[in-house]
Amino acid sequence: MTVRQDQDRHVAEETVPQARAARELELKPRELELAVQLGEVRTVAAEPGGRRRVPRQEIERHRSAEGFPKALRTRLWVVGTTEGAELLGIGPARFARLARGGCFAPVRFYVNRYRVVVWSYLASDLADFADGNPELLTGRTPALLKAALDKHPDRRARGWRARRLDQLRAQAGDPWERAAVPAAVLDLGELARAVPDPDERACLCALRPALVPSRPDAAAARDVVDDLLLAEDPDEIEWYRHCLAAALAQARAARPAPGRAHPPTAPPAPAAAPAGERKPPEADIGRAGERAGERARPPRWRAWLRPRAWRRT
């Protein structure tokens with residue numbers, strides 16, 4: 001038995017497929033998928049190209065935690081516009097305006113039969129937003145939020161992309177895999193301009209992760225999803241080109257791209273972004289109208305979402 005075969009056998013013995021992990025964690029498949037994306041449930045790579053598996057130790061960690069399985073399922077509670085508005089005590093129109101303005105990022109979406117994108121949000125994200133920004137739940141819309149909506153009428157897709165890329169970057173275990181993450185939201189034309197070397201570009205295309213586990217069967221819905229997977233606005237595209245250049249510099253320093261004996265001559269990597277620019281250039285809408293003084297006491301449902309014993313360590 002080769003060393004690689006022995007390692008693969010060891011991984012198989014110490015891990016379980018995700019379908020089995022879902023059953024043992026008392027989660028639906030979609031809930032486990034979300035838990036993996038959010039980092040609630042850790043996974044490890046199996047054989048190259050195979051689906052990631054869940055360590056047995058990870059399952060036991062959750063099963064022995066206080067409040068299992070309710071605590072875990074509460075952290076994975078997702079809501080749509082109507083339920084989210086009810087939780088915040090506001091109307092659906094105001095909720096949609098806050099969501100389009102980028103006050104909180106969606107965690108998933110689907111395309112309905114009318115080819116309309118339906119977004120879902122983590123209830124815990126809404127609780128955090130309400131606790132920190134009670135003034136945005138009542139009264140007139142702040143000027144900063146109005147300005148943000150005038151510039152970008154709907155930030156939900158770019159907020160979802162930013163969140164999803166953060167998740168994929170955290171799972172990437174190789175410098176070239178990490179470089180392929182920002183490349184995943186650039187179309188082929190932008191990627192060619194950002195990475196002129198054909199060998200490097202082919203490597204990144206082969207390693208680009210899937211932002212969604214599957215695409216719809218219907219061609220019309222598939223087109224809608226494909227549009228959501230790519231950066232749209234010039235400032236967002238420029239941000240991910242900056243991220244790609246920085247990640248490429250690190251990958252080249254580690255080793256040449258597969259198929260190359262030496263890395264190509266390249267311009268210096270862009271300077272690291274200032275601390276306040278480490279995320280896509282989104283306005284900090286969430287604190288637009290924050291006032292000095294004591295916050296309103298959070299409603300019971302927010303406190304219920306995060307009992308002390310359930311908080312993440």
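# Close-up views of a predicted protein chain

**View 1. Contacts across the whole chain.** Of the contacts in the protein chain that link residues at least 6 apart in sequence, 74% join residues at least 24 apart. The model shown here is predicted, and its protein chain contains 16 helices and 5 strands. Of the 313 residues in the protein chain, 42% are buried. The accessible surface of the protein chain amounts to about 17,500 Å², and carbon and sulfur atoms account for 51% of that surface.

**View 2. The crossing of helices H11 and H13.** Two packed helices are described by the angle between their axes and the distance between the axes. Helix H11 covers residues 175-183 and helix H13 covers residues 198-207, and their axes come within 8 Å of each other while crossing at roughly 80°. Because angles from 65 to 115 degrees count as roughly perpendicular, H11 is described as roughly perpendicular to H13. On the H11 side the contact is made by Trp176, Glu177, Ala179 and Ala180, while H13 contributes Glu200, Cys203, Leu204 and Leu207. Sorted by class, the residues in this contact of H11 with H13 are 6 nonpolar and 2 charged, with no polar residues.

**View 3. An open sheet of three strands.** The 3 strands of this open sheet follow the order S3-S5-S4, and their pairing is antiparallel. Strand S3 (78-79) and strand S4 (108-111) are the edge strands, each of which pairs on one side only. In a regular strand the side chains alternate between the two faces of the sheet.

**View 4. Strand S3 beside strand S5, with helix H8.** Strand S5 spans residues 117-122 and runs antiparallel to S3, to which it is joined by 2 bridges. Helix H8, made up of residues 123-132, lies across S3 and S5, and it runs at about 70° to S5.

**View 5. The hairpin of strands S4 and S5.** Strands S4 and S5 pair in the antiparallel sense, and 4 bridges make up this pairing. Phe109 has its bridge partner in S5, namely Trp119. Which residue of this hairpin takes a positive phi? The hairpin of S4 and S5 has 5 residues between the strands, and in this hairpin Arg115 takes a positive phi near 60°.

Definitions and conventions. Residues numbered from 1 in each chain as written. Heavy atoms only, no water. Buried < 20%, exposed > 50% of the residue type's maximum accessible area, 1.4 Å probe, protein only. Contact = heavy atoms within 4.5 Å. Areas by Shrake-Rupley, 256 points an atom, 1.4 Å probe, with all protein chains shown as cover. Axes fitted to C-alpha atoms, helices over the stretch in contact; angles between N-to-C directions. Parallel < 35°, antiparallel > 145°, perpendicular 65-115°, else oblique. Nonpolar A, V, L, I, M, F, W, Y, C, P; charged D, E, K, R; others polar. Pairing = 2+ DSSP bridges.
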